[in-house]
Amino acid sequence: MLRSLVGSEMCIRDRVEKRMKEVSQMWAGFSEVAAAQPEHAWFPTRRSADEIQHASPENRYVGWPYTKYHCSVIDVDQAAAVIIMSVAEARRRGVPEARWVYLHGCAETVEKDLLLREDLGSSPAIRRMGEVCFADAGVTVDQIRYFDLYSCFPCAVRIASRELGIDPVLAADGSRMTLTGGLAVHGGPGANYNCLLYTSDAADEEDSVDLGGRRIIKKKTKETERCKRQTLARTNIRKKKGREDSRTNIPGR
């Protein structure tokens, strides 16, 4: 019996180690994107997967197996607003067409209570939301070139990418799953940080780009080549979360 328990524990630890290597590699890609746009990220520091995964004096465990670098910080200051109106109203108000951003598809879903879920590693709510958004936009997930998936912790991003049907090879590359760096380095829990992305794009007075006549988004002259590339569609997944653990509110990250 003792040998069986020890063997099971070792098996679990091996699986956790493998999984943490994967999510830390993904999070390293997120930090790469954040480091490329220091004017926007709270923590524009490129970190390696090993640095993120393993605890150190600067990177304590928040809740094993997640370290501080895996988690978002609650102490942020962000604000943005979006005004939705008809084309006729935008023209009446004299809003330049180059500053319009078209919403092609949207949906809101609420996940079941944690104790009522059949599988903690899946999200039927995200899956259904993705189906509705793609149908509204008239596209498939394979037609989307850029994503901005974000959560306070890596597990939700992995679950979201899987439920949306994103190619696992593509999803494993964190730099392809974010335009900003995600909540761990760009925003904070409960913060609508990606709203800043869209409002700053729309308000920029530089040249715009027309993507097939369906969506016009501003480009920024100081952005890296990765950030200059525009999307045919952007899928943003925002999981509603309850109160975050105050232990993640650690200054001087």
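With which residue does Lys18 form a salt bridge, and how far apart are the closest N and O atoms? Lys18 pairs with Glu22, and the closest N and O atoms are 2.7 Å apart; a salt bridge is defined here as a side-chain nitrogen of Lys or Arg within 4 Å of a carboxyl oxygen of Asp or Glu. The structure is a predicted model, in which local features need pLDDT of at least 70 and side-chain atom pairs count only at pLDDT 80 or more, while totals for chains, interfaces and linings use all residues. Residues are numbered from 1 along each chain as its sequence is written, and side-chain values use heavy atoms, with hydrogens and water left out.

The protein contains 8 helices and 6 strands, taken as DSSP runs numbered from the N terminus (helices: H or I, at least four residues; strands: E, at least two). Their order along the sequence is α-α-β-β-α-α-β-α-α-α-β-β-α-β. Of the 253 residues, 41% count as buried (buried, under 20% relative accessible area; exposed, over 50%; partly exposed, in between; 1.4 Å probe, protein chains only).

A search of the whole structure finds 9 salt bridges. Lys18 and Glu22 are 4 residues apart in helix H1 (residues 2–35), and are therefore separated by about one helical turn. Glu22 also forms a salt bridge with Arg19, with the closest N and O atoms 3.5 Å apart; these two residues lie 3 residues apart in H1. Lys18 is exposed, at 54% relative accessible area, whereas Arg19 is partly exposed at 46% and Glu22 is partly exposed at 29%. Lys18, Arg19 and Glu22 belong to a network of salt bridges that also includes Arg158.

A further salt bridge joins the side chains of Arg127 and Glu163 (2.8 Å, N to O). This pair links distant parts of the chain, with Arg127 in helix H4 and Glu163 in helix H5 (residues 154–163), 36 residues apart. Arg127 counts as partly exposed because its relative accessibility is 35%; Glu163, at 13%, counts as buried.

The buried residues of H4 are Ala125, Ile126, Met129, Gly130, Cys133, Phe134 and Ala137. Viewed down the helix axis, the buried residues of H4 fall within an arc of 155°, so they line one face; the arc is that of the directions from the axis to the C-beta atoms.
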